[in-house]
Every structure is written in structure tokens, then in C-alpha cells.
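Keep the model open beside you as you read.

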Amino acid sequence: MTENDEQMLMRFFDEHRQDIADNGFTERVMRQLPTRTMRLSRWWTAVCWAIGIALFFMVDGVGQLRGIFVALWGDVVGILSAIHLPVSTLIMTPIVLFTLLAIEIYRLAEEY
């Protein structure tokens with residue numbers, strides 16, 4: 001939507017605004033909304049978090065996470081050590097990446 005369309009809409013709504021007196025109706029409705037439900041929801045959320053944290057420590061979640069990260073790190077190191085690239089590839093890769101980055105920055109600068 002263009003700025004002109006937006007201004008026309010705002011002008012239309014401003015000209016045709018109708019204020020309806022609610023005689024405190026909105027405030028009465030807001031006071032009667034169920035606050036008990038919100039309290040129960042908060043308590044239920046807290047209980048579920050507590051159970052989740054307790055189960056995490058009961059099943060040695062820290063040790064399992066440590067094992068997962070150690071295995072992942074070993075896999076990454078193994079993959080990187082198995083790669084044998086010629087020197088020309090190691091030199092050309094950053095040059096190509098920086099060239100592409102410079103082209104994209106130039107394009108973005110031209111747009112603005």
C-alpha cells in the first residue's frame with residue numbers, strides 16, 4: 001500500500017469516526033474476566049518446569065549432554081582432519097568469498 005493510500009484511509013476513518021458511550025461497560029467486563037484461570041495456568045507452568053528440571057537431573061541430563069557434545073566435537077575434528085585440500089583452494093576460497101561479499105555490499109549500497 002502506498003503512502004497516499006494510507007493517508008486517504010486515515011482521513012476517511014477520521015472523518016467517519018463515531019464515539020459510542022459505553023457507560024463503564026468495558027471496565028465492568030474487564031473486572032469480571034477470570035483471574036483464577038491465569039493463576040492456575042501460572043502454577044501449572046511452574047509445576048511442569050519443576051518436574052522437567054527434576055527429571056533432567058534424575059536421568060543425568062548434564063552427563064548425557066556432555067557426552068553428546070564430546071561426540072559431536074570428535075566428529076567435527078575427525079571430518080576436518082580428513083580433508084586434504086591443495087594450497088590453491090585454500091588461497092582461492094577466501095578471495096572468492098570476499099569478492100562475492102563486496103559485490104553484495106555494492107548492490108545494497110546502490111539500492112539505498
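## Two loop residues with positive phi

D60 sits in the loop that joins α3 (35-58) to α4 (61-82); helices here are DSSP runs of H or I with at least four residues, strands are runs of E with at least two, and both are numbered from the N terminus. Although D60 is not a glycine, its phi is positive, at about 55 degrees. Most residues other than glycine have a negative phi. D60 counts as partly exposed because its relative accessibility is 47%, where buried means under 20% relative accessible area, exposed over 50%, and partly exposed in between (1.4 Å probe, protein chains only).

Which other residue has a positive phi without being a glycine? That is N23, with phi near 50 degrees. N23 is found in the loop between α1 (3-15) and α2 (25-32). With a relative accessibility of 69%, N23 counts as exposed.

## How the model was read

This is a predicted model, so please note that local features need pLDDT of at least 70 and side-chain atom pairs count only at pLDDT 80 or more, while totals for chains, interfaces and linings use all residues. Residues are numbered from 1 along each chain as its sequence is written, and side-chain values use heavy atoms, leaving out hydrogens and water.

## Aromatic pairs

Rings of Phe, Tyr and Trp (its six-membered ring) pair if their centres lie within 6.5 Å; planes under 30 degrees apart are stacked, over 60 edge-to-face, and the rest tilted. How many aromatic pairs does this rule give? The count is two. F12 and F13 make an edge-to-face pair, with 5.6 Å from centre to centre and 65 degrees between the planes. F56 and F57 have ring centres 5.3 Å apart and planes at 80 degrees, so this pair is edge-to-face.

As for accessibility, F12 is partly exposed at 43%. F56 is partly exposed at 32%, whereas F57 is exposed, its relative accessible area being 55%.

## A salt bridge within a helix

There is one salt bridge in the structure, meaning a side-chain nitrogen of Lys or Arg within 4 Å of a carboxyl oxygen of Asp or Glu. E104 and R107 are the partners, and their closest N and O atoms are 3.9 Å apart.

Where do E104 and R107 lie? Both belong to helix α5 (residues 87-111), three residues apart, which is about one turn of the helix. E104 is partly exposed, with 39% relative accessible area, and R107 is partly exposed with 48%.
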